[in-house]
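Below is a short note on the local geometry and contacts of one model. Please read the points with the coordinates open.

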Amino acid sequence: MLFRSATYTGTATTATQVGEYVITPNVAGLWAQNYTFSSANGTLTIDPRPLSVSGATATGRAYNGGLTVAITGATLVNRIVGDDVSLATLTGTVASADAGEGKPVATSLTLTGTKAGNYALSQPTGVTVTIAKVALTVTAANKSKVYDGSVYSPFTPIIAGFVNGETESALRDA
């Protein structure tokens, strides 16, 4: 017959944050007719709480030569109410900067706040974006010549509206 239960001390008795903590049993005062007691510490492991994201959408934009897109509408799912944790970085990347519809986006959302380290964030999937073409303006360059009875050649264009430092060399024949 055992009289009295063991008590516990150590960092585990007050632990609330993610990490590993020592559980120390206190066997002083335990008594049993046919046994003696010794103690061995245990470990309490508090794992990060899984968080997911709902409502994430990529903001469509015009072609700018970059791979980064903004993410909006994202909300955290499974957060403990009152915890100081929120989404910090709301961006994603596309594999190609080229214009197109339904381009897959790899999100790279991050957490911020005093409790952020207690959570493990799963990135949203199935996010896509539309990158629109940028309009270029083609203007015929003014030309002049002295009359010689022949047709003038060559005419040349002035193309304006390039982005990201690009020039006519970014154009390719269809």
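Is N78 buried, partly exposed or exposed? N78 counts as partly exposed, because its relative accessibility is 35%; buried is defined as under 20% relative accessible area, exposed as over 50%, and partly exposed as in between, with a 1.4 Å probe and protein chains only.

1. Basis. This is a predicted model, in which local features need pLDDT of at least 70 and side-chain atom pairs count only at pLDDT 80 or more, while totals for chains, interfaces and linings use all residues. Residues are numbered from 1 along each chain as its sequence is written, and side-chain values use heavy atoms, with hydrogens and water left out.

2. N78 has a positive phi of about 90° although it is not a glycine, and N78 sits in the loop between β10 (75-77) and β11 (86-87). Strands here are DSSP runs of E with at least two residues, helices are runs of H or I with at least four, and both are numbered from the N terminus. N164, also not a glycine, has a positive phi of about 60°. N164 is located in the segment after β19 and is exposed, with a relative accessible area of 55%.

3. Cis peptide. The bond between S153 and P154 is cis, with omega about 5°. P154 belongs to the loop between β18 (137-140) and β19 (157-160).

4. Surroundings of T107. This residue is part of strand β14 (residues 106-107). T107 is buried, its relative accessible area being 11%. The side chains of T107 and Q123 make a polar contact of 2.9 Å. A polar contact is a pair of N or O atoms within 3.5 Å; within protein, one must be able to donate a hydrogen and the other to accept it, and residues adjacent in sequence count only if both atoms are side-chain atoms. The T107 side chain also reaches the backbone oxygen of P124, at 3.5 Å. With neighbours within four places in sequence left aside, T107 is in contact (heavy atoms within 4.5 Å) with I71, T91, G92, Q123, P124 and V127.

5. Nonpolar core. The largest such core has 14 residues, and A58, V69, I71, V94, V105, V127 and V129 touch the most other members. The elements that give two or more residues to this core are β9 (68-72) and β17 (128-132). A core is a set of buried Ala, Val, Leu, Ile, Met, Phe, Trp, Tyr and Cys residues joined through side-chain atoms within 4.5 Å. Leaving aside neighbours within four places in sequence, V94 is in contact with L67, V69, K103, P104, V105, V129 and I131.

6. Sheet β2-β3-β5. These three strands form an open, antiparallel sheet in that order; two strands pair if DSSP finds at least two bridges between them. The edge strands are β2 (7-9) and β5 (42-46), each pairing on one side only. Three bridges join β2 to β3 (residues 19-26), with T7 opposite N26 and T9 partnered by T24. Five bridges join β3 to β5, and the partner of G19 in β5 is I46.

7. Salt bridge. The count comes to one salt bridge, defined as a side-chain nitrogen of Lys or Arg within 4 Å of a carboxyl oxygen of Asp or Glu. K145 forms a salt bridge with D148, the closest N and O atoms being 2.5 Å apart. K145 counts as partly exposed, at 38% relative accessibility.
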